[in-house]
Amino acid sequence: MKTNNVLLEVKNISQKYGSGEKRFTAVQSVNLTLSEGEFVALLGPSGCGKSTLLRIIAGLQKPSEGRVLYRGEPLAGVNPHASIVFQTFALFPWLNVQENVELALKARGVAAALRTAHALDLLDRVGLDGFETAYPRELSGGMRQKVGFARAMAVEPELLCLDEPFSALDVLSAEALRGELLELWLGGSIPTRAILMVSHNIEEAVFMADRIVVMDKNPGRVVADFEVPLPHPRKHKSPEFQALVDQAYAILAGQTQPEAIELGSAPGEPGMTRALPEISINDLAGMLEHLTTQPQKAMDIYRLASELSVDSDHLLRLTEAAELMSFATIQKGDIALTPLGETFAEARILARKEIFATRIRRLPIFRWVINLLRASEGRKLKWGVIQSALELEFPPEEAEQQLNTLVDWGRYAEVLAYDDDEEMIYLEVSNGQTVPV
Ligand code: ADP
Ligand code: MG
């Protein structure tokens with residue numbers, strides 16, 4: 001499939017965000033080449049700069065440093081040969097399916113007389129035959145995403161960029177849509193010459209791509225780039241498939257950094273605030289309990305994912321949380337409980353809460369919120385106030401998510417309390433005293 005015709009060259013791209021003290025490097029010195037015929041998957045933890053890189057490649061954003069060449073020419077402005085499909089594709093709710101696609105054709109300058117036939121053909125190709133007059137609200141998530149694909153394809157992109165296109169879908173729709181995209185791509189029935197797909201899902205990447213590029217964060221950079229030399233159709237259960245999944249896990253989970261970097265800094269301090277992985281403590285406890293039942297000390301993370309039947313994205317967040325709490329260490333794709341993790345897994349609920357409380361108090365972001373509450377009258381603050389403070393560190397949606405996780409973990413550990421009616425966050429008081437920090 002791959003030819004020697006280079007389509008895209010990303011040369012030494014860096015992206016800095018923020019200003020003054022808060023300025024940080026989101027993406028550092030990334031080099032990437034895509035040739036015609038290649039399907040490349042981009043994997044990496046959230047915040048490593050995958051979406052940033054895609055926006056730069058599509059010309060929606062100018063990098064702080066470096067340049068993008070398309071067919072050897074430097075990119076100036078929006079890349080007319082690239083098209084992005086986002087996780088949730090914004091369709092116009094007042095237009096029906098066909099009209100949504102026709103609008104994309106109109107934007108591309110296709111004559112009015114040709115639009116209808118072209119739109120119908122595109123819809124047919126993505127399997128939406130019969131749904132032309134339906135409105136977005138009448139469609140399932142999977143079908144809406146198909147309209148998204150049809151719209152992206154309407155511009156006949158040579159380079160199709162996909163930003164986690166399946167992650168907002170339920171398991172079955174995602175699987176069906178993956179199959180359909182592969183069929184279009186492998187069957188050559190779309191004019192697309194190369195695909196760059198951001199994914200959070202290791203199995204998905206190994207299932208679809210010819211090459212996997214792995215990024216890590218702080219700063220966002222490429223840490224691995226390897227081929228997936230398996231013919232299609234690929235079998236999830238085959239040993240070759242699993243070996244590649246294993247390899248990707250090892251690269252993704254294996255980066256253990258020194259504690260100062262690992263824990264990050266508190267909001268308002270120089271350095272990066274480390275985001276808390278979005279997990280439920282029940283799931284974390286479940287995973288640790290499962291690990292205690294294992295005969296050997298270390299367990300293959302890939303096997304763990306299948307034994308717990310959770311997807312790789314979810315599992316990686318859990319292993320990240322386990323590592324952040326020092327409940328487990330991760331090495332070369334294997335996870336092993338630390339004595340602390342073992343203690344936690346075997347403890348009763350109250351002892352668990354205590355262990356959890358001691359562990360979260362050492363996280364800079366918790367120290368920060370606790371100090372903030374201590375300094376406030378009544379040791380309480382409105383949710384919105386803390387969220388605004390976090391928005392200096394994170395984009396608004398992520399700030400809200402971070403605060404959700406902070407409060408969730410803090411309540412479990414009985415470090416924080418939350419009053420829903422007042423939308424007020426309190427420092428938890430026990431025996432008439434504020435919990436010592
Ligand atoms: P990913 O897609 O891998 O999750 P992103 O490219 O969205 O990563 O973000 C990389 C880093 O840059 C994150 O720390 C994110 O918070 C930050 N970031 C992304 N976009 C902006 C922006 N417009 N302004 C400031 N920071 C941003
Ligand atoms: Mg992203």
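These points go through a pocket, several salt bridges, a helix and a surface patch in a predicted model.

1. Ground rules. In this predicted model, local features need pLDDT of at least 70 and side-chain atom pairs count only at pLDDT 80 or more, while totals for chains, interfaces and linings use all residues. Residues are numbered from 1 along each chain as its sequence is written, chains are lettered from A and ligands numbered from 1 in the order in which they are written, and side-chain values use heavy atoms, with hydrogens and water left out.

2. The second largest pocket. Its space comes to about 820 Å³. The lining has 29 residues, and Val171, Arg178, Asn201, Glu203 and Asp311 are the closest to the centre. (A pocket is an open set of points on a 1 Å grid over the protein atoms alone, where a 1.4 Å probe fits, with protein on both sides within 12 Å along at least five of seven lines; lining residues have an atom within 4 Å of a point. The volume is the space filled by probe spheres set on the points.)

3. What builds the lining. At least two residues each come from α5 (171-186), β8 (194-199), α6 (202-208), α10 (301-307) and α11 (312-324). Helix α5 gives the most, with four residues. Helices (H or I, at least four residues) and strands (E, at least two) are DSSP runs, numbered from the N terminus. By type, the lining splits into 10 nonpolar, 10 polar and nine charged residues.

4. Salt bridges. The whole structure holds 16 of them. The criterion is a side-chain nitrogen of Lys or Arg within 4 Å of a carboxyl oxygen of Asp or Glu. Glu36, Arg71, Glu158 and Arg193 are linked in one network.

5. Glu36 with Arg193. The closest N and O atoms of this pair are 3.3 Å apart. Glu36 sits in the loop between β2 (24-35) and β3 (39-43), and Arg193 in the loop between α5 and β8, so the bridge ties together parts that are 157 residues apart in sequence. Glu36 is buried, at 11% relative accessible area. Arg193 is partly exposed, at 33%. (Buried means under 20% relative accessible area, exposed over 50%, partly exposed in between, with a 1.4 Å probe and protein chains only.)

6. Arg178 with Glu204. Here the closest N and O atoms are 2.8 Å apart. The pair links helix α5, which holds Arg178, to helix α6, which holds Glu204, 26 residues apart. Arg178 is buried, with a relative accessible area of 13%. Glu204 is buried too, at 6%.

7. Asp313 with Arg317. This salt bridge has its closest N and O atoms 3.3 Å apart. Both residues belong to helix α11; being four residues apart, they are separated by about one helical turn. Asp313 counts as buried, at 19% relative accessibility. Arg317 is partly exposed, at 26%.

8. Helix α1. In this helix (residues 50-57), six of the eight residues are buried. They are Lys50, Thr52, Leu53, Leu54, Ile56 and Ile57. Gly59 follows α1 and has a positive phi, near 75°.

9. A nonpolar surface patch. Leu60, Val78 and Phe86 form it, with about 280 Å² of accessible area together. (Patch residues have over 30% relative accessible area and no salt bridge, and nonpolar side chains are joined within 5 Å.) Val78 lies in the loop between β5 (73-74) and β6 (82-85). Val78 is exposed, with a relative accessible area of 54%.

Key. Patches are made of residues with over 30% relative accessible area and no salt bridge: like charges are joined within 9 Å, nonpolar side chains (Val, Leu, Ile, Met, Phe, Trp, Tyr) within 5 Å. Accessible areas come from the Shrake-Rupley method with a 1.4 Å probe; for residues, only the protein chains shown count as cover. Ala, Val, Leu, Ile, Met, Phe, Trp, Tyr, Cys and Pro count as nonpolar, Asp, Glu, Lys and Arg as charged, and the others, Gly among them, as polar.
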